Amino acid sequence: MKKIGFIIPWYAQDIPGGAEAALRGLVGHLAEAGVEVEVLCTRVREFTADWGKNHYPRGVRIVQGVPVRRFDVVARDRQAFDRV
């Protein structure tokens, strides 16, 4: 069976959001069933955090038994983003 990758902007055990909680449950169940899964996300802390600030370490860490690969974000023009 091939590895399944899931992409989400932020991912952590303590993020309360609905999509985040649903994905944690899904990848957790798949991993427990023996499916090779990996989550790819940014290093941003959560939705309410500064989207231009890295919080988590870069690279791969295991979160609840699932590999999570985090990528850097760069500073952004928040006013221009909010206008769009």
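Strands here are DSSP runs of E with at least two residues, helices are DSSP runs of H or I with at least four, and both are numbered from the N terminus. The model is a predicted one, in which local features need pLDDT of at least 70 and side-chain atom pairs count only at pLDDT 80 or more, whereas totals for chains, interfaces and linings use all residues. Residues are numbered from 1 along each chain as its sequence is written, and side-chain values use heavy atoms, with hydrogens and water left out.

S4 has partners in two directions of pairing. With strand S2 (residues 37-42), S4 pairs in the parallel sense, over four bridges; two strands count as paired if DSSP finds at least two bridges between them. Thr42 is the residue that stands opposite Phe71 of S4. With strand S3 (residues 59-63), S4 runs antiparallel, and five bridges join the two. Arg61 has Val68 as its bridge partner in S4, and Gly59 stands opposite Arg70 in S4.

S3 and S4 also make a hairpin, with two residues between them. Gln64 is placed in the loop between these strands, and its phi is positive, about 50°, although Gln64 is not a glycine. Is Gln64 buried, partly exposed or exposed? It counts as partly exposed because its relative accessibility is 49%; buried means under 20% relative accessible area, exposed means over 50%, and partly exposed is in between (1.4 Å probe, protein chains only).

With a relative accessible area of 33%, Arg69 is partly exposed. Leaving aside neighbours within four places in sequence, Arg69 is in contact (heavy atoms within 4.5 Å) with Glu38, Val39, Leu40, Cys41, Gly59 and Val60. Take Glu38: it is 31 residues from Arg69 in sequence, yet the C-alpha to C-alpha distance is 7.4 Å.

Now for the nonpolar side of things. A nonpolar core is a set of buried Ala, Val, Leu, Ile, Met, Phe, Trp, Tyr and Cys residues joined through side-chain atoms within 4.5 Å. In soluble globular proteins, nonpolar side chains tend to be buried together. The largest core in this model has twelve residues: Phe6, Ile8, Tyr11, Leu23, Val27, Val35, Val37, Val39, Cys41, Val63, Val66 and Val68. Helix H1 (18-32), S2 and S4 are the elements that give two or more residues to this core, and S2 supplies the largest share, three residues. Apart from this core lies another one of six residues, among them Trp10, Ala12, Val44 and Val73.

Val63 touches Tyr11, Gln13, Val68 and Arg70, not counting residues up to four places away in sequence. Ile8 is found in the loop between strand S1 (4-7) and H1, and counts as buried because its relative accessibility is 11%. Setting aside neighbours within four places in sequence, Ile8 is in contact with Ala19, Glu20, Leu23, Val39, Leu40, Cys41 and Thr42. Ile8 and Thr42 are 34 residues apart in sequence and 7.8 Å apart in space, C-alpha to C-alpha. Phe47 and Ile8 are 39 residues apart in sequence, with 11 Å between their C-alpha atoms. Phe47 lies in the loop between S2 and S3 and, with a relative accessible area of 54%, is exposed.

Zooming out, the chain has two helices and four strands, which run β-α-β-β-β-α from the N terminus on. The C-alpha trace spans about 45 × 25 × 20 Å along its principal axes. Of the 84 residues in the chain, 29% are buried. Among contacts with a separation of 6 or more, 58% come from residues 24 or more positions apart. The accessible surface comes to about 5,700 Å², and 57% of it belongs to carbon and sulfur atoms; such areas come from the Shrake-Rupley method with a 1.4 Å probe, and for residues only the protein chains shown count as cover.
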